[in-house]
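We will go stop by stop, with something to select at each one.

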Amino acid sequence: MSNRLINQSSPYLIQHSENPVDWYPWSEEAFELARRVDKPVFLSIGYSTCHWCHVMAHESFENQEIADILNQYFVSVKVDREERPDIDSVYMEVCQAFTGRGGWPMSIFMTAEQKPFFAGTYFPPESNRGMIGFRDLLLTVADKWRSDREALLTTADDVSRQLCREEGDVDSRIRGNLPVEAANLFKQSFDKQHGGFGSAPKFPMPHNLIFLTLYSHIYQDDSALSQVECTLSAMRRGGLFDQIGYGFSRYSTDELYLVPHFEKMLYDNALLIMAYLVAYKKSGNRQHLDTAEKTAEYVFQEMTDKEGGFYSAQDADSEGEEGKYYVWRYQEICHVLGEERGREFCDYFDITRQGNFEGKNIPNQLKSKEITDDFEKEAKTLYQYRKNRGKLHLDDKVLTSWNSLMICAMAMLYRVTGKEKYRLAAAKSRAYIEKNLAEGNILYVSCRGNMRSVKGFLDEYAYYTAALVSLYEVTAENCYLERAEQICNEAVHQFADQDGNGYFLCGNQNGNLISRPKETYDGALPSGNSAFAYCLVRLSQITGKDTYRQMAERQLAYLSGAAEHYPAGYSLFLTALLLYLHPPKKITVVLAKDDKEEKIIRKIPLYSEIKILKEETTSYQLLNGKTTYYICENYICLPPVNSLE
């Protein structure tokens with residue numbers, strides 16, 4: 001029999017709708033029940049493509065004995081972290097305080113007033129090897145609730161006070177030295193042998209690579225660019241990149257980028273497309289462009305709704321086994337491709353009889369001298385075979401924030417390649433957001449089918465503003481700029497800290513939690529505050545409006561204070577800071593009749609602000625009857641030219 005999650009929009013919640021656990025979605029109904037029956041609340045937070053969430057669900061939430069304990073002693077609440085980043089942010093801080101680390105599934109025990117008194121992540125069903133089992137933990141908490149509740153309530157009050165502590169005073173000034181300090185930190189942690197930064201597990205963190213590429217351009221620092229080049233090459237060659245169907249997995253479990261955690265997330269692939277493109281424009285390495293386009297091909301094939309929205313994620317698991325969909329046996333390849341061509345394919349992609357991953361093989365090019373397209377036909381054959389061999393769970397909800405990142409990526413692809421399909425994909429996704437995820441200036445977090453989730457948070461507004469700015473930059477259509485200003489102004493109204501600096505994650509359209517987080521650190525995703533700093537800087541430069549300039553300077557000063565202790569953790573803020581300190585060139589192009597926009601746009605440096613005019617004006621006329629470039633830099637406008645060389 002289904003529980004209360006059956007009518008939710010989230011695929012993650014629906015996955016648990018047949019559990020014997022009497023789950024509630026996050027709602028006042030659940031907390032009111034907990035108060036009425038005098039029970040603590042068990043909160044479980046995860047997402048639909050999370051491997052360890054699946055494991056705990058199978059071991060514990062599908063276990064009738066454990067479900068009976070939960071139903072008898074607790075009110076159980078299930079939350080999709082991607083739909084409710086506000087709840088996830090508040091209780092992730094709690095989890096890190098209790099355990100020293102965070103992650104999913106997140107397991108929180110709290111009062112009906114939402115005050116937590118214990119937290120953890122994954123628990124096995126039974127105690128073993130010094131780790132308490134979920135069954136024993138539930139019984140211990142239930143006993144403590146009856147026999148020593150005062151101690152639990154004291155802990156809950158202490159934790160809640162810590163969550164609600166006021167920010168200390170921050171020295172509000174823009175620190176122009178932070179990019180240099182961050183670059184030095186990246187240099188110290190760079191893995192010269194394998195690429196990437198630090199040790200395993202290695203997360204792509206493409207916004208770090210975008211910052212370093214821009215830094216290398218401005219400061220003429222070849223070592224920063226070589227770190228980017230080495231890392232991008234290693235990721236492309238390794239198993240982190242799906243050599244058969246393209247696209248990138250979530251992270252590498254080893255230092256070589258060989259063995260991924262096999263789930264694929266939309267936001268990683270959007271950010272990685274951008275990282276490969278900026279590196280291509282800086283270095284001219286066509287392999288980076290090829291990787292970006294192949295990743296876009298994956299998104300079109302696997303992650304795109306017919307109306308233009310982009311889906312959220314593909315699972316790591318198939319048939320209950322992590323990575324099963326992606327790995328191969330030597331004999332299987334030879335059977336599909338034929339003995340001779342199969343053997344050549346296996347030699348190139350490091351596929352052996354003994355295997356490189358648990359007796360099977362993850363195709364990779366780590367041992368290849370150079371990357372080649374000689375096996376593209378065979379890869380397509382294996383791709384079709386793989387689709388028939390197994391099936392991956394698809395999280396098909398459409399998230400405003402992640403779609404906005406992919407709009408930025410598609411707009412950048414159009415600017416770098418001039419291929420119309422990328423501009424159309426960006427515009428179509430934007431139209432999807434306007435139709436399904438916006439009401440006037442109010443944004444929503446996600447939708448699936450005809451069901452929308454909750455009203456948006458800072459990230460939705462910051463990322464969508466950035467997407468609209470990106471579309472304006474490649475089309476010069478005023479409708480995008482006007483909409484960007486509307487969304488930006490709404491974000492200021494909803495999320496600005498009127499008594500301090502920066503912007504809260506939750507706004508005046510969102511419900512109340514026990515604390516109001518203000519995120520600044522750029523983790524797997526850049527924070528809303530960093531993204532909004534970028535938006536304010538770009539809007540101030542594009543529009544020339546003092547209001548945006550003043551807001552940008554306040555935000556950069558605020559984030560400078562936050563980033564001072566470890567600037568390498570604030571890479572998108574640092575990118576915004578570099579753009580503020582070193583404004584891009586302004587290039588106005590007047591097209592000659594024989595030239596097409598798609599051809600010209602490829603020639604424009606990525607680190608510049610462009611406007612393409614299809615006919616002459618009083619101010620901008622053709623020189624020598626040919627396409628003409630008007631360039632302004634550092635408050636100086638140069639004479640018109642017919643070439644950017």
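The tour below visits sheets, disulfides and helix pairs.

**Before you start**

This is a predicted model, so expect rules on confidence: local features need pLDDT of at least 70, side-chain atom pairs count only at pLDDT 80 or more, and totals for chains, interfaces and linings use all residues. Residues are numbered from 1 along each chain as its sequence is written, and side-chain values use heavy atoms, with hydrogens and water left out.

**Stop 1**

Select strand E1 (23-25) and strand E5 (116-120). These are the edge strands, and each pairs on one side only. The sheet is open, with five strands in the order E1-E3-E2-E4-E5 and mixed pairing. Two strands pair if DSSP finds at least two bridges between them. From one strand to the next, the twist averages 25°.

Zoom in on serine 107; opposite lies glycine 120 in E5.

Next, show helix H6 (residues 134-147), which packs on this sheet. H6 touches strand E2 (41-46), E4 and E5. The direction of H6 makes about 15° with that of E4. Contact here means heavy atoms within 4.5 Å.

**Stop 2: a disulfide**

Select cysteine 50 and cysteine 53. A disulfide joins them, with 2.5 Å from S to S. A disulfide is a pair of cysteine sulfur atoms within 2.5 Å. The count by this rule is two disulfides. Look along the S-S bond of cysteine 50 and cysteine 53: the angle about the bond is 80°, and the link is right-handed.

**Stop 3**

Two packed helices are described by the angle between their axes and the distance between the axes. Axes are lines fitted to C-alpha atoms, for helices over the stretch in contact, and angles run from 0 to 180 degrees between N-to-C directions.

Select helix H13 (residues 330-337) and helix H14 (residues 339-348). Their axes lie 7 Å apart, at an angle of about 135°. H13 and H14 are therefore oblique to each other. The angle classes are these: under 35 degrees is roughly parallel, over 145 roughly antiparallel, 65 to 115 roughly perpendicular, and the rest oblique.

H13 passes H14 in a right-handed crossing. A crossing is left-handed if the near helix is turned anticlockwise from the far one by less than a right angle, and right-handed if clockwise.

Show side chains. Tyr330, Ile333, Cys334 and Leu337 of H13 meet residues of H14, including Phe345 and Cys346.

**Stop 4: H16 and H18**

Move to helix H16 (residues 400-417) and helix H18 (residues 458-475). How do their axes cross? They come within 8 Å and cross at roughly 20°. H16 and H18 are therefore roughly parallel to each other. Their crossing is left-handed.

Among the contact residues are Leu405, Ile407 and Tyr414 of H16, with Tyr463, Leu471 and Val474 of H18. By class, this contact has 11 nonpolar, four polar and three charged residues. Ala, Val, Leu, Ile, Met, Phe, Trp, Tyr, Cys and Pro count as nonpolar, Asp, Glu, Lys and Arg as charged, and the others, Gly among them, as polar.

**Stop 5: H19 and H20**

Select helix H19 (residues 478-495) and helix H20 (residues 528-543). The axes come within 11 Å and cross at roughly 135°. H19 passes H20 in a left-handed crossing. Contact residues include Leu481 and Cys488 of H19, and Phe532 and Leu536 of H20. The classes here are nine nonpolar, one polar and one charged.

**Stop 6: the four-stranded sheet**

In which order do the four strands of this open sheet lie? The order is E19-E18-E20-E21, with mixed pairing. Strand E19 (608-613) and strand E21 (636-637) stand at the edges with a single partner strand each, so one side of each has no neighbour in the sheet.

Select strand E18 (residues 585-590): E18 and E19 are parallel, with six bridges. Valine 590 has leucine 613 in E19 as its bridge partner. E18 and E20 run antiparallel, joined by five bridges. Find threonine 588, opposite tyrosine 630 in E20.

Finish at strand E20 (residues 628-633), which pairs with E21 in the antiparallel sense over two bridges. Glutamate 633 has isoleucine 636 in E21 as its bridge partner.
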